[in-house]
Each structure stands twice: as structure tokens, then as C-alpha cells.
Amino acid sequence: MTEMPTRGRRLGAPDPLDAAARAGWLYYAGGLTQDQIAAQMGISRQRAQRLVSRAMQEGLVRVRLEHPLSECLELEARLRDRFDLHEVRVAPSLGEDIDRSLGPIAAALFDAVLGRETTGIVGLGIGRALAAMAAEVEHRARPDQTLVSLIGNIADDGSGSQFEVIMTLAARIHAPHFPMPAPVLVASAEERRSVLNLRAVRTVRDLGQRADVIFLGVGQMGARAPLLTQGFLTSDDLHALERRGAVGEITGYVYDADGQYIDTPLGERLTSVQVHPSAERLTVGVAGGKAKMAALRGALKGGILNGLVTDETTARALLDGRHD
């Protein structure tokens, strides 16, 4: 029997990803330095460095910390007590690369939650941190779970979000999934009523409102606010919200430092599901970094979130009451 070529390469030709996978394995699992990898593979140090980077970018090698660090455990316990959290995970900090540090530990929590009998419907936000989480979730069939988007993944010009989460997760766990078939923001309250009256949108929103567990990104205000950088608000719109006390947003709905939602014209144009405090449902925010500090503190204080995945630096700042 003739062997079929794989990945579109010639029969017998080397797979271009083999070298990257080998270099990544030697670096992350074998503990070799890039100089040692270069010597073992017979390549330059620069090429070894590029191959290790590609291994991570392509998802060829994934590293998950299975032994919790004692300092992280202590921070988790303090955060749980301070904010009355149901679940909390603290990842070792990796400097400015917050999403890379949060992805594996958030994925571990996601995997664990999906294994619980009480989990049937999982609501999902969008964002960089959640995208990093989705990329690390284990490949395991979960046909008994239902994934549902709480926020539209379409901009007003019809383009999709680059930080989509639900489709990545659905591909990894083979679960029934319901993307939100609507723009994040529409032009008017009247248009919103029309969109929300569509049967497909009603179905998805109903599922989202009945979610047993929710995993969310947390958006900040300021120059790097997702609502601003993704084109949903102008700078003037954002400044107006800040003058009214807005410190953060979840699924597009803005709230103040006490975690209370602010009634604004923006809310009248959003098609997403608004997440309210709930003692029965686990609602996990996956976020970290100085820019998100006020947003995280407000969401935790108001009880919008009762679960948290963050990094050491952010955890300490939240406990110390600092913004840096």
C-alpha cells in the first residue's frame, strides 16, 4: 500500500515543522539552552532561537505547570478570602507577556470545570486572554457540553473579531456551540430591538442567560480600551464614559469602581448578554496587568466576577489596593 503524503508535502520530504517541534521539545521539556540545542541539532544559535519561537507560535509544544507554586497558592487563598471568590488561580508572572502566563493556567481551570456534573452550558466572552486560554485547552470530546457566545463577534462593517474564542474551543472539545450571530454594537436602540427579535439571536441569548459557568475577558478604560481600539467607540465617547466614573467593561457594558453598571446610550445599542452578579453561577474573569487593575477591582468589588485567573503581579496589587 502506498503511503499518502501529509500536510501537503512531497513523499519523503522533511516536514518543515519537525525541526521547530524538536527544538521546542529540547528547550521546554529537555531544559537545554539555545546554545546546547544549536550544537545538538547542528544549526546556528540564531536558527535555534527562531525554531523555539516558532514551536510556541504554532502550538507545537505546550507547557502546563502541574505543581502549584507555594507563593501562588498563598495569593490564591488571600484573593479568595478578600473578594469571596468561588475559584481563583494565580499564574507565575512572565513580565509584560500577561496572556502567555494566563493561557495555560486558565485552560487548566476550564478543563476542570468542564469535568463537573453541574456544568452543562458554558458562556464565553472574547479577548486576548481568553484566546490564549482556548489555544491551551486539552483536545478532548465533550459532546455533553454546550458553548455559547455572550457577545457578538462581528463589527459594524461586517468584519470578524481577531480574538474569537468559541470556534477555537469548539474545534478542540467537539462540543455543540452557538456563536452570537449579531454585531457587537448596532447603530440605534431601534436597530437593537430588531436584531434581538431575530430567532437565532434570541436562541443564543437565552442560552447565554442560562449558562452554568462563564469565562470572560475584562476590558479597561483609557487609551487601550478594547471598545476604543476595536472601533466601537470614539475617543470622545470614551472620555464621556470616564467622566461618568467608568473603570471597565464586560461584554461591552461599562461599570464604575464599585462594580455597578452605568446606564449609558452605549448599553442601548449592545446586543450582548449583560452579566449580573450571581452566587449560584461561576463567573470567571481572565485578565491581568496594570492597565486592567481598576477594571478588575471594580468587577470583583461589585461581584460581577466570583472567579479569577490572573498573574502574581496583578494579584499582589489587587491585595495591596494599588493600581501598579
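How many of the 324 residues of the protein chain count as buried? The share comes to 47%, where buried means under 20% relative accessible area, exposed means over 50%, and partly exposed covers what lies in between (1.4 Å probe, protein chains only). The model is a predicted one, so local features need pLDDT of at least 70 and side-chain atom pairs count only at pLDDT 80 or more, while totals for chains, interfaces and linings use all residues. Residues are numbered from 1 along each chain as its sequence is written, and side-chain values use heavy atoms, with hydrogens and water left out.

The protein chain has 13 helices and ten strands; these are DSSP runs numbered from the N terminus, with helices being H or I over at least four residues and strands being E over at least two. As for contacts (heavy atoms within 4.5 Å), take those in the protein chain between residues at least 6 apart in sequence: 69% of them join residues at least 24 apart.

Helix α13 (residues 312–320) turns up in two helix pairings here. With helix α4 (residues 70–83), the axes come within 10 Å and cross at roughly 40°. Axes here are lines fitted to C-alpha atoms, for helices over the stretch in contact, and angles run from 0 to 180 degrees between N-to-C directions. That makes α4 and α13 oblique to each other, given that angles under 35 degrees count as roughly parallel, over 145 as roughly antiparallel, 65 to 115 as roughly perpendicular and the rest as oblique. The crossing of α4 and α13 is left-handed, a label used if the near helix is turned anticlockwise from the far one by less than a right angle, with right-handed used if clockwise. On the α4 side, the contact is made by E71, C72, L75, R78, L79, R82 and F83, and on the α13 side by E312, A315, R316, L318 and L319. Sorted by type, these residues are seven nonpolar, no polar and five charged (Ala, Val, Leu, Ile, Met, Phe, Trp, Tyr, Cys and Pro count as nonpolar, Asp, Glu, Lys and Arg as charged, and the others, Gly among them, as polar).

The other pairing brings in helix α12 (residues 293–301), whose axis comes within 11 Å of that of α13 and crosses it at roughly 60°. These two helices are oblique as well, but the crossing of α12 and α13 is right-handed. Here M293, L296, R297 and L300 of α12 meet T314, A317 and L318 of α13, a set of five nonpolar, one polar and one charged.

Next come the rings. Rings of Phe, Tyr and Trp (its six-membered ring) pair if their centres lie within 6.5 Å; planes under 30 degrees apart are stacked, over 60 edge-to-face and the rest tilted. The count is three aromatic pairs. One of them, F110 with F215, is edge-to-face, at 5.2 Å centre to centre and 65° between the planes. Since F110 sits in helix α5 (residues 98–114) and F215 in strand β5 (residues 213–216), this pair ties together parts 105 residues apart in sequence. Both F110 and F215 are buried. Y255 and Y261 are edge-to-face too, because their ring centres are 6.3 Å apart and their planes stand at 85°. Ring pairs link Y253, Y255 and Y261 into a cluster, and Y255 is buried at 0% relative accessibility.

Finally, V284 lies in strand β9 (residues 282–286) and is buried, with a relative accessible area of 0%. Leaving aside neighbours within four places in sequence, V284 is in contact with L109, I214, F215, L216, L305, G307, L308 and V309. The C-alpha atoms of V284 and H86 are separated by 9.0 Å, though the two residues are 198 apart along the chain.
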